[in-house]
Amino acid sequence: MSSLTHLECSACGQRLEPERPWQLCPACEHPLLARYHLDGIGRAVSRAELVRRPAGMWRYQELLPLREPGKAVSLGEPATPLLRVPRLAGRLGLDGLLVKDEGALPTGTFKARGAAVGVSRAVELGARTLALPTAGNAGAAWAAYGARAGLEVVVVMPETTPSVIRRETATCGARVYLVPGSIADAGAVVREGCERYGWYDASTLKEPYRIEGKKTMGFELVDQLGWRLPEVIVYPTGGGVGLIGMWKGFQELRALGWLPPDSPGPRFVAAQAAGCAPVVRAFERHAERTEAWADPATFAAGIRVPKPLGDLLILRALRESSGTAVAVSDETIAATMELAGAAEGLVVCPEGAAALAAAARLRQDGWIGRDQTVAVFNTGIGLLYEDSLPGREARLLAAGASLPAGAAGPSVAGNRRG
């Protein structure tokens, strides 16, 4: 059973009972956070018992909000790989580089975590129709889990959303609508529809349970590291729910005594695109909130968010962890996608490439030490961005032609069989 006790406003601290479909705080309209009876969890289960369970996000069910975990809406979520990438690490000067590859999840992105918990909890609260805006992969994930649960799903996207993501969302039965402009414009359409028709608003941080699924990225990361924290976590930040979730989740693990209460780190890094960097600008100005980015422009659709609703929490997490925020150009993102593929066979998404590029920048600036353990999140598989994949086009050979000299490059020692 979940040990969920109440919801708490992230700004004014108001407590709300959790069995109503709350959206934002009714007093100040800030995001709500789920709170748990941590003392009870500590008495009911030990860390040693927990790690004997099957790997995956449901291993941590006591720290998730479902009243009946056995009825979770699931598509078989695995534990995602935590990869050592020595050739890429060498190119970037980061000997302790690790890549947490979320592309292994259902629907191909980390959004599956938030959708699995968010849809499961929506079912418990009696929702019948879910509605949300998305600039990236959230729509496909919520459509898939909504279909799995037998719910209707309405998704509104900017018309610039990659075509594969639009088709994936529609394939899972959602009603998909495109609007001119950014995710903020899509959000306005969803808000009006929810008010008119009584739909369950599943927009980022409008409901408090997506974040609970996302925090399992942090649980899984430290679990895979032998219950150690990395020194730095670099996270591609649009709405920032994953960053907020991991920051919250580590606080819960410390309260349980599963992490040393005085253990340093991780320092969180918010990676953004130079064409849409409201968090970077606010961080550099020492502001508590972001200002809406006037003309968001980047092919990394998942981080093309002009003003994240959870900006207060993102900036708090960065500052409390002694972290930072970095913006990188689209040209650098594309080059990093190509580098990750050629060096390690990783087809990373543009958002994951932005995080890798941010880590490289911070290494060059000396903010990250060469030997520090740095976990970079690749939030989805790059194949969902087929129009943006940077590899060279295949070359057409005439019939009967031989391969040109140098086609394969130098052989690698140990690859030949004698």
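In this predicted model, four strands form an open sheet in the order 8-7-6-9. The pairing is parallel. Strand 8 (175–179) and strand 9 (200–201) are the edge strands, and each pairs on one side only. Helix 7 (residues 183–197) lies across strand 6 (129–133), strand 7, strand 8 and strand 9. Its direction is at about 155° to strand 6.

Another open sheet has 6 strands, in the order 4-5-13-10-11-12. Here the pairing is mixed. Strand 11 (residues 267–273) and strand 12 run parallel and are joined by 5 bridges. Ala273 has Val328, in strand 12, as its bridge partner. Helix 10 packs on this sheet and touches strand 10 (232–236), strand 11 and strand 13 (374–378). The direction of helix 10 makes about 175° with that of strand 11. Helix 14 (residues 350–364) lies across strand 5 (97–101), strand 10, strand 11, strand 12 and strand 13. Helix 14 runs at about 115° to strand 12.

Helix 10 (residues 241–256) also meets helix 9 (residues 216–224). The two axes come within 7 Å and cross at roughly 55°. Helix 9 is therefore oblique to helix 10. On the helix 9 side, the contact is made by Met217, Gly218, Phe219 and Val222. On the helix 10 side, the residues are Gly242, Met246, Gly249, Phe250, Glu252 and Leu253. By type, the residues of this contact divide into 6 nonpolar, 3 polar and 1 charged. Helix 9 is mostly covered, with 8 of its 9 residues buried. Among the buried residues are Thr216, Glu220, Leu221 and Asp223. The contact residues Met217, Gly218, Phe219 and Val222 are buried too. Just after helix 9, Gly226 takes a positive phi of about 75°.

Gly323 sits in the loop between helix 12 (311–320) and strand 12 (324–328). Its relative accessibility is 10%, so Gly323 counts as buried, the cut-off being under 20%. Beyond its neighbours within four places in sequence, Gly323 is in contact with Arg267, Phe268, Phe283, Leu318 and Trp367. Arg267 and Phe268 fall within the residue range of strand 11. Arg196, which falls within the range of helix 7, lies 41 Å from Gly323, C-alpha to C-alpha. The two residues are 127 apart in sequence.

Cysteines were examined for disulfides. A search of the whole structure finds 0. A disulfide is a covalent bond between the sulfur atoms of two cysteines. The closest cysteine sulfur to that of Cys9 belongs to Cys28, at 3.3 Å. This is too far for a bond, because the cut-off is 2.5 Å. Cys9 has 3% relative accessibility and so counts as buried. Cys276 is likewise in no disulfide. Its nearest cysteine sulfur, that of Cys349, is 16 Å away. At 0% relative accessibility, Cys276 also counts as buried.

Terms used
Residues are numbered from 1 along each chain as its sequence is written. This is a predicted model: local features need pLDDT of at least 70, side-chain atom pairs count only at pLDDT 80 or more; totals for chains, interfaces and linings use all residues. Side-chain values use heavy atoms; hydrogens and water are left out. Helices (H or I, at least four residues) and strands (E, at least two) are DSSP runs, numbered from the N terminus. Buried means under 20% relative accessible area, exposed over 50%, partly exposed in between (1.4 Å probe, protein chains only). Contact means heavy atoms within 4.5 Å. Axes are lines fitted to C-alpha atoms, for helices over the stretch in contact, and angles run from 0 to 180 degrees between N-to-C directions. Angles under 35 degrees count as roughly parallel, over 145 as roughly antiparallel, 65 to 115 as roughly perpendicular and the rest as oblique. Ala, Val, Leu, Ile, Met, Phe, Trp, Tyr, Cys and Pro count as nonpolar, Asp, Glu, Lys and Arg as charged, and the others, Gly among them, as polar. Two strands pair if DSSP finds at least two bridges between them.
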